[in-house]
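Please look over the structure below. The report that follows covers charged pairs, the sheet and the pockets.

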Amino acid sequence: KGASFGLYTAESPSTCGGYPASANHEMEDAKTFAGWGVDYMKVDGCGPAGYYKGGYRAMGEALEASGRDIVYSCSWPAYINNGNESLQPFGEFVNDGCNLWRNYKDIQCNWASLGDIIDHWGDYGEALVPAAGPGHWHDMDMLLIGAHCISTAEEQTQMAIWAISASPLIMGNDLRNVSATSRAILLNKDAIAVSQDPLGQMGRRISNTCLLYTSPSPRDS
């Protein structure tokens, strides 16, 4: 109850799992997704990278023309420039209609993967901060909170840094099996206030000696 309807496709002939995808069928697929009542569209790569430049633009235009307000999640950045955020054409992603984009590796259900993503955002904070803002966000990938694969302290760390970094808070768990402790972390009002600051300003790491971060204070809307 109260959940949004998210769906997955790719800017390639088939998805990474081998199912039919949306390359060269963007307009047709976007109309279909809108007709199904989709709220959130995750669009992966999974094919020739040369298609992405035009393909993601085509999907953005198709979703805009679909008649439904659909959040557009792009994976294009994760497949280009070998993870070097200082080389990414973030303005182009915004112009193509991307509301958020995956920059880096898929998160795995362990601290090593989570810590690697945190380090990546810290290392490239200077390049990432200017491109984040209302309507266009850097997506650090799903929250592991409640998935029973990291410790409580690690869950708290992820919630805090995702909020400071203005990353979308998307749960990667089974809602039926979230513990009371994990639920409390996910519903932490202070973390959510930082995440949902109306100005949408991204915080960044300013010291890697003691993992010191700076972020704008939450403001009343």
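How many salt bridges does a search of the whole structure find? The model is a predicted one, and the search finds eight salt bridges. Side chains of opposite charge can pair when their charged atoms come close. In one of these salt bridges, Asp-39 pairs with Arg-68, and the closest N and O atoms are 2.7 Å apart.

Five strands form an open sheet with parallel pairing, in the order S1-S2-S3-S4-S5. S1 and S5 stand at the edges and have a single partner strand each, so one side of each is left without a neighbour in the sheet. On average, and with direction ignored, neighbouring strands of this sheet are turned by 25° against each other. Between S1 and S2 the parallel pairing runs over five bridges. Within this pairing, Thr-9 has Val-43 in S2 as its bridge partner. Helix H2 packs on the sheet and touches S1, S2 and S3. The direction of H2 makes about 170° with that of S3.

**The pockets**

Rolling a probe the size of a water molecule over the atoms shows where empty space is left.

| Pocket | Volume |
|---|---|
| Largest pocket | about 1400 Å³ |
| Second largest pocket | about 160 Å³ |

The lining of the largest pocket has 48 residues, and those nearest its centre are Tyr-40, Pro-168, Leu-169, Ile-170 and Met-171. Elements that give two or more residues to this lining are the strands S1 (6-10), S2 (40-44), S3 (71-74), S4 (100-102) and S5 (137-139), together with the helices H7 (180-186) and H8 (189-195). By class, the lining of the largest pocket divides into 26 nonpolar, twelve polar and ten charged residues.

Which residues line the second largest pocket? They are Gly-60, Leu-63, Glu-64, Arg-68, Asp-69, Ile-70, Tyr-72, Asp-96, Gly-97 and Asn-99. Helix H2 (residues 52-64) gives the largest share of this lining, three residues. The classes here are three nonpolar, three polar and four charged.

Definitions and conventions
Residues numbered from 1 in each chain as written. Predicted model: local features only at pLDDT ≥ 70, side-chain atom pairs only at ≥ 80, totals over all residues. Heavy atoms only, no water. 1 Å grid on protein atoms, 1.4 Å probe; cavity = no way out; pocket = protein on both sides within 12 Å on 5 of 7 lines; lining within 4 Å. Points joined across faces, edges and corners; volume = space filled by probe spheres on them. Helix = DSSP H or I, 4+ residues; strand = E, 2+ residues; numbered from the N terminus. Nonpolar A, V, L, I, M, F, W, Y, C, P; charged D, E, K, R; others polar. Pairing = 2+ DSSP bridges. Axes fitted to C-alpha atoms, helices over the stretch in contact; angles between N-to-C directions. Contact = heavy atoms within 4.5 Å. Salt bridge = Lys/Arg side-chain N within 4 Å of Asp/Glu carboxyl O.
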